[in-house]
Amino acid sequence: MLVRFFAGSIHRQIALLAVMPVALFAILGIISEHLTIKEPESVSQARSVAMRIELVVDMIRSAETADQEATILGAVTRTGLQVEEVSATELQRAEQPTEMGDFRSEIKNNLSRPDVNVKLSAGTVAGHLQQVLVVGIDQDRALAFAPPSALPDSPITDREISDFLATMAMFVPVILLSLYGSRMIASPLQRFSQAARDLDPDKGSERPFEETGPPEIRTLAKSLNDMRSRVRGMIEARTRMLRAISHDLRTPLTRLRLRAERSNEPSLRNALLADIDALTLMVEETLVYLRKDTSKEIHLRVDLPSLINTACNDFADMGYSVIYRGPDRFAYPCRPHALKRAIANLIDNGTKFARHVNVELHVKPDGAISIGVSDDGPGIPPEFHTDVLEPFYKLDSARNDRGGFGLGLSIVNDIVGSHFGTLRLENVTPTGFIAEINLPSADSIETIRQAEAASVAP
């Protein structure tokens with residue numbers, strides 16, 4: 001039955017859980033109306049003893065002989081209520097002061113007969129009983145009763161039980177609604193969130209979202225699975241398109257290059273080759289950006305100065321003025337090919353717009369690093385520092401129309417983000433530009449990874 005309930009519509013479940021408290025309160029009200037609230041045991045016992053005293057007084061008054069009175073008193077004594085006949089003068093003595101909770105006072109309060117004169121006494125003058133109630137019979141005689149000890153009251157009364165049930169009737173629905181919200185709404189949404197964070201369109205289950213639970217949750221899971229399938233289809237289509245571009249564009253460009261090189265006009269040949277080189281570079285940059293395969297490279301602990309020096313030497317070998325400044329050795333976990341590509345892109349931008357490029361590595365005390373690539377070029381206006389990080393964005397300024405397709409800084413920003421770092425762009429006075437890559441320490445990276453793993457753990 002519970003399985004059918006949890007598999008039902010969320011609307012019906014909420015309606016049922018909303019009606020349950022009302023029904024529970026109604027049932028409790030009906031029970032309370034028909035429930036006889038018992039008195040404490042001591043009160044009930046005091047009323048019983050008072051009735052017995054009144055009965056004994058009536059019987060003694062009705063007795064015709066002394067033998068009958070003695071028989072009555074003997075029978076009463078055998079029932080546990082000690083009694084003896086005393087003089088009526090006992091009623092004229094001062095009443096004994098009583099303490100709170102004296103059982104005799106409770107008995108006296110329950111003697112409702114107006115013709116019964118009662119006094120509490122520590123003991124009679126001629127009798128043998130102590131702590132008694134003296135009850136008058138006539139003008140000359142009285143009876144001294146020594147009642148039994150009061151029974152202890154029950155620790156839990158019916159009133160307390162009723163109050164407890166009323167309290168539970170208020171809290172149980174709240175608990176049920178909380179468990180319901182956690183079980184039926186929050187838990188599936190949390191699973192969806194974890195699956196979405198861990199989702200890789202290129203691999204993993206075809207339908208990672210569990211299509212179980214209420215109809216609304218199943219519909220949402222099915223929609224997410226269908227969306228994932230469509231995204232996967234679009235990625236596969238993009239991959240096929242990239243392969244087609246790689247083949248269909250590179251082959252004509254190669255033929256154009258061969259034909260241009262056979263041209264007998266040097267000026268025309270040089271112009272054609274320059275245009276072909278520009279087209280080739282645009283195609284390569286576009287393919288690199290669209291592939292976005294840097295996140296698939298695993299992290300390795302590499303010697304960062306050696307990696308930076310390799311990138312600098314590649315440009316120095318082509319005749320550019322590129323200098324590295326920084327420590328000779330420093331091990332750092334990164335995606336080496338991706339990080340080298342980011343540094344090379346920044347150096348390439350500098351060589352296009354400046355005569356000298358400096359690459360500096362700074363290791364901070366906490367293990368974090370910064371890689372600054374500075375040049376003496378014209379720089380980028382500050383209002384465009386955010387725009388140049390967007391793909392295919394090109395400035396109409398001094399740093400434009402010098403090759404490229406507006407993807408260099410966008411690729412760098414993506415690579416830096418995949419390393420949990422930030423990219424800062426800043427102009428240098430009087431002229432110049434610096435692009436600074438800031439990356440966290442190895443310990444910080446490990447902490448971030450553990451936090452991400454914990455967030456997606458079931």
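Helices and strands are taken here as DSSP runs, of at least four and at least two residues respectively, and are numbered from the N terminus. On this basis Gln-131 is placed in strand β3, residues 130-136. The structure is a predicted model. Gln-131 has a positive phi of about 50° in this model, although the residue is not a glycine. With a relative accessibility of 37%, Gln-131 counts as partly exposed.

The protein as a whole comprises 12 helices and 11 strands. Of its 458 residues, 35% count as buried. Among contacts between residues at least 6 apart in sequence, 65% join residues at least 24 apart.

Helix α4 covers residues 66-78. Its 13 residues should span 18 Å at 1.5 Å a residue, and the distance of 19 Å between its end C-alpha atoms agrees with this. Glu-69, Ile-72, Leu-73 and Val-76 are the buried residues of α4. These residues cover an arc of only 95° around the axis and therefore lie on the same side of α4. An α-helix has 3.6 residues a turn, so residues three or four places apart point the same way. The face of α4 turned away from the buried side carries Asp-67, Thr-71 and Arg-78, which are exposed. Gly-80, which follows α4, has a positive phi near 105°.

An open sheet is formed by five strands in the order β6-β8-β9-β11-β10, with mixed pairing. Strands β6 and β10 (422-427) are at the edges, each pairing on one side only. From one strand to the next, the twist averages 15°. Strands β6 and β8 pair in the parallel sense, over five bridges, and Ser-321 stands opposite His-356 in β8. The pairing of β8 with β9 is antiparallel and extends over seven bridges; here Glu-360 stands opposite Gly-372 in β9. The hairpin of β8 and β9 has five residues between the strands, and Gly-367 in this hairpin takes a positive phi near 95°. Strand β9 also pairs with β11 (residues 433-439), in the antiparallel sense and over seven bridges. The bridge partner of Ile-369 in β11 is Leu-439.

Helix α9 lies across β6, β8 and β9 and runs at about 170° to β6. The buried residues of α9 are Leu-304, Pro-305, Leu-307, Ile-308, Ala-311, Cys-312 and Phe-315. Viewed down the helix axis, these residues fall within an arc of 165° and so line one face of α9. The elements covering them include the strands β5 (300-303), β6 (321-325), β7 (331-334), β8 (356-363) and β9 (369-375), together with helix α10 (336-353).

Asn-438 lies in strand β11. Because its relative accessible area is 15%, below the 20% limit, Asn-438 counts as buried. Its side chain makes a polar contact with the side chain of Glu-436, at 3.2 Å. With residues up to four places away in sequence left out, Asn-438 touches Lys-364, Ile-369, Ser-370, Gly-421, Thr-422 and Arg-424. Among these, Ile-369 is the residue whose bridge partner in β11 is Leu-439.

In the edge strand β10, Glu-426 is partly exposed at 36% relative accessibility. Glu-426 touches His-385, Phe-433 and Ile-434, again not counting residues up to four places away in sequence. Glu-426 and Pro-381 are 45 residues apart in sequence, and their C-alpha atoms are 9.1 Å apart in space.

Phe-420 is located in the loop between α11 (408-418) and β10. Phe-420 is not a glycine, yet has a positive phi of about 65°; its relative accessible area of 28% makes it partly exposed. In the loop between β10 and β11 lies Pro-430. Thr-429 and Pro-430 are joined by a cis peptide bond, with omega about 0°.

Technical notes
Residues are numbered from 1 along each chain as its sequence is written. This is a predicted model: local features need pLDDT of at least 70, side-chain atom pairs count only at pLDDT 80 or more; totals for chains, interfaces and linings use all residues. Side-chain values use heavy atoms; hydrogens and water are left out. Buried means under 20% relative accessible area, exposed over 50%, partly exposed in between (1.4 Å probe, protein chains only). The arc is that of the directions from the helix axis to the C-beta atoms. Contact means heavy atoms within 4.5 Å. Two strands pair if DSSP finds at least two bridges between them. Axes are lines fitted to C-alpha atoms, for helices over the stretch in contact, and angles run from 0 to 180 degrees between N-to-C directions. A polar contact is a pair of N or O atoms within 3.5 Å; within protein, one must be able to donate a hydrogen and the other to accept it, and residues adjacent in sequence count only if both atoms are side-chain atoms. The expected span of a helix is 1.5 Å times one less than its number of residues.
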